[in-house]
Amino acid sequence: MNILLLLYWEFCKIGLFCVGGGYASLPWIQAAVVDDYHWITMTEFIDIFTISQMTPGPIGINAATFVGTKIAGTLGAIVATLGFVTPSLILCLLITYLMKKYGELSAIKGTLNGLRPAVVALICTAGLSFIWLSVWNTESVPTNFADFDIKGIIILVIAMIAVKKKVSVITLLFGSGVAGLVLGLLM
Amino acid sequence: MSNENQQLDDAVNKLNIVPGTRHFFWVLFKSTFLISAFTVGGGMVIIPLLKKKYVDEYGWINDKDTLDITAIAQSLPGVMAVNASIMLGYKMAGFMGTLVTILATVLPPLITITIIAFFYDLFAHNYYVQMLLKGMQCGATAVIIDVGLNLVYKLFKKKLLLPILIAAGTFIASLCFNVNPMYCVLVDAIIGLMLLRDPKYN
């Protein structure tokens with residue numbers, strides 16, 4: 001089979017089966033690209049994981065791009081990524097259509113009423129783990145609160161003030177990056 | 001700036017760009033692309049940033065729809081950020097909206113990884129790259145805190161006990177007991193289905 005078609009199809013399957021996002025997709029990706037097809041080695045797979053930890057973008061997209069590039073260059077990257085998002089596109093549009101049609105049912109409304117506070121809670125959890133990461137450079141609750149990163153605190157405080165002053169999100173992210181770089185040079 | 005002026009300013013800002021126009025699609029693409037390009041972290045990180053932009057800055061979509069879409073995005077297969085951007089795009093501007101948001105979400109990692117694939121070592125061990133990323137991470141943290149607190153405030157303002165209990169329970173489960181968000185969402189969906197069908201919860 002044409003390698004591009006195969007890439008598309010394999011990443012279609014990965015996109016369809018990785019439920020739970022993020023790390024939950026790792027075993028699926030590994031099974032297909034490392035174990036079945038030997039497109040990349042285990043070391044490279046761990047590299048993708050490391051890169052994904054520190055670059056923008058979901059790990060699934062990153063893996064699709066990395067594997068695609070390695071197998072068939074830039075075109076491969078595009079094809080693999082397209083394959084990966086195809087199931088999402090179909091399912092999301094389908095559910096949007098169903099919501100439009102049946103969204104007024106009390107059962108659906110009730111379910112969503114239960115989900116909304118859950119999302120608020122999950123956003124708060126993500127916020128908290130990002131505070132740990134920004135100020136204490138650890139992903140879970142810091143073991144030693146006195147061992148904080150002063151640069152992280154400075155940028156976080158400035159960024160909080162900027163948010164309150166209604167600075168645009170993009171300016172804020174970009175500015176914080178530059179602030180990190182400047183502090184890295186100075187301290 | 002006085003509070004009144006601020007509000008007027010917000011209103012003008014929100015009315016300025018009408019969904020469906022060519023200018024809207026350009027602004028939508030640009031802001032989604034840049035947020036995707038500058039945000040390190042999973043779906044629960046990028047969605048508050050998108051929410052800040054779409055809801056708070058432009059008023060293209062409301063809090064409620066954003067939260068609904070986030071919950072559905074979490075439960076569907078695939079990457080949460082992509083799922084959310086597909087549905088947010090559709091809600092704001094139909095199929096064209098979806099095309100714009102999905103492209104703007106996927107392109108930045110596609111470009112970044114293609115480049116990094118060639119310069120991995122240089123990238124991974126460079127102190128300045130790490131400091132740049134660290135700074136952006138702190139910026140994202142500030143936005144998530146703001147969005148999170150804002151949503152909690154609105155939740156409490158409604159003075160309904162059950163939704164508050166659901167939020168508190170989910171927060172404790174995911175934070176203290178590391179329960180997979182998928183299971184939290186599933187349990188809360190069932191609670192909602194059984195107990196929150198009264199219109200006052202809508």
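Modeller: Let us begin with chain B: among its contacts between residues at least 6 apart in sequence, 58% join residues at least 24 apart. Please keep in mind that this is a predicted model.

Biologist: What is chain B built from, helices or strands?

Modeller: Chain B has nine helices and zero strands. Along the sequence the pattern reads α-α-α-α-α-α-α-α-α. The C-alpha atoms of chain B fill a box of roughly 55 × 45 × 40 Å along the principal axes, and 52% of its 202 residues count as buried.

Biologist: Let us take one residue, then. Why is B:N83 called buried?

Modeller: Buried means under 20% relative accessible area. B:N83 has 0% relative accessibility, so B:N83 counts as buried. This residue sits in helix α5 of chain B.

Biologist: Which residues does B:N83 touch, leaving aside its neighbours within four places in sequence?

Modeller: From chain A, B:N83 is in contact with A:S88 and A:C92. From chain B, the contacts are B:A73, B:L76, B:P77 and B:G78.

Biologist: Why is A:M99 called partly exposed?

Modeller: Partly exposed covers what lies between buried, under 20%, and exposed, over 50%. The relative accessible area of A:M99 is 26%, so A:M99 is partly exposed. A:M99 belongs to helix α4 (residues 59-102) of chain A. Apart from neighbours within four places in sequence, A:M99 is in contact with A:I108, A:L112 and B:I72. A:M99 and A:K109 are 10 residues apart in sequence, and their C-alpha atoms are 9.9 Å apart in space.

Biologist: How is chain A divided into domains?

Modeller: Domain 1 of chain A takes in residues 3-102 and domain 2 takes in 112-186. Their C-alpha centres lie 28 Å apart.

Biologist: Now the aromatic residues, please. How many aromatic pairs are there over all chains?

Modeller: A search of the whole structure finds 12 aromatic pairs. One of them is A:W136 with A:F145.

Biologist: What makes the pair of A:W136 and A:F145 edge-to-face?

Modeller: A pair of aromatic rings is described by the distance of the centres and the angle of the planes. Rings pair if their centres lie within 6.5 Å, and planes over 60 degrees apart count as edge-to-face. For A:W136 and A:F145 the centres are 5.1 Å apart and the planes are at 80 degrees, so this pair is edge-to-face. A:F145 has 43% relative accessibility, between the limits of 20% and 50%, and so counts as partly exposed.

Biologist: Which residues of chain B form one aromatic cluster?

Modeller: That cluster is made of B:F24, B:F25, B:Y54, B:Y58 and B:W60.

Biologist: How many cavities of 30 Å³ or more does the search find?

Modeller: The search of the whole structure finds two.

Biologist: Which residues line the largest cavity?

Modeller: Chain A gives A:G57 and A:P58 to that lining. Chain B gives B:S36, B:T39, B:G41, B:I46, B:A81, B:T105 and B:P109. The largest share, three residues, comes from helix α5 (residues 80-118) of chain B.

Biologist: What makes five residues of the lining of the largest cavity polar?

Modeller: Gly is counted among the polar residues, and Ala, Ile and Pro as nonpolar. The lining of the largest cavity therefore divides into four nonpolar, five polar and no charged residues.

Biologist: And the second largest cavity: which class counts does its lining have?

Modeller: That lining has six nonpolar, two polar and two charged residues. The residues lining the second largest cavity include A:I123, B:K51 and B:D63. The largest share, four residues, comes from α4(B).

Biologist: One last label. How do you know that B:K159 is exposed?

Modeller: Exposed means over 50% relative accessible area. B:K159 has 71%, so B:K159 is exposed. B:K159 lies in the loop between α7 and α8 (161-176) of chain B, and has a positive phi of about 55 degrees although it is not a glycine. In chain A, A:K166 has a positive phi near 60 degrees and is also a residue other than glycine; A:K166 is placed in the loop between α6 (150-164) and α7 (169-186).

Methods
Residues numbered from 1 in each chain as written. Chains lettered and ligands numbered in written order. Predicted model: local features only at pLDDT ≥ 70, side-chain atom pairs only at ≥ 80, totals over all residues. Heavy atoms only, no water. 1 Å grid on protein atoms, 1.4 Å probe; cavity = no way out; pocket = protein on both sides within 12 Å on 5 of 7 lines; lining within 4 Å. Points joined across faces, edges and corners; volume = space filled by probe spheres on them. Helix = DSSP H or I, 4+ residues; strand = E, 2+ residues; numbered from the N terminus. Phe/Tyr/Trp six-rings, centres within 6.5 Å; stacked < 30°, edge-to-face > 60°. Buried < 20%, exposed > 50% of the residue type's maximum accessible area, 1.4 Å probe, protein only. Contact = heavy atoms within 4.5 Å. Domains from an automatic or database assignment.
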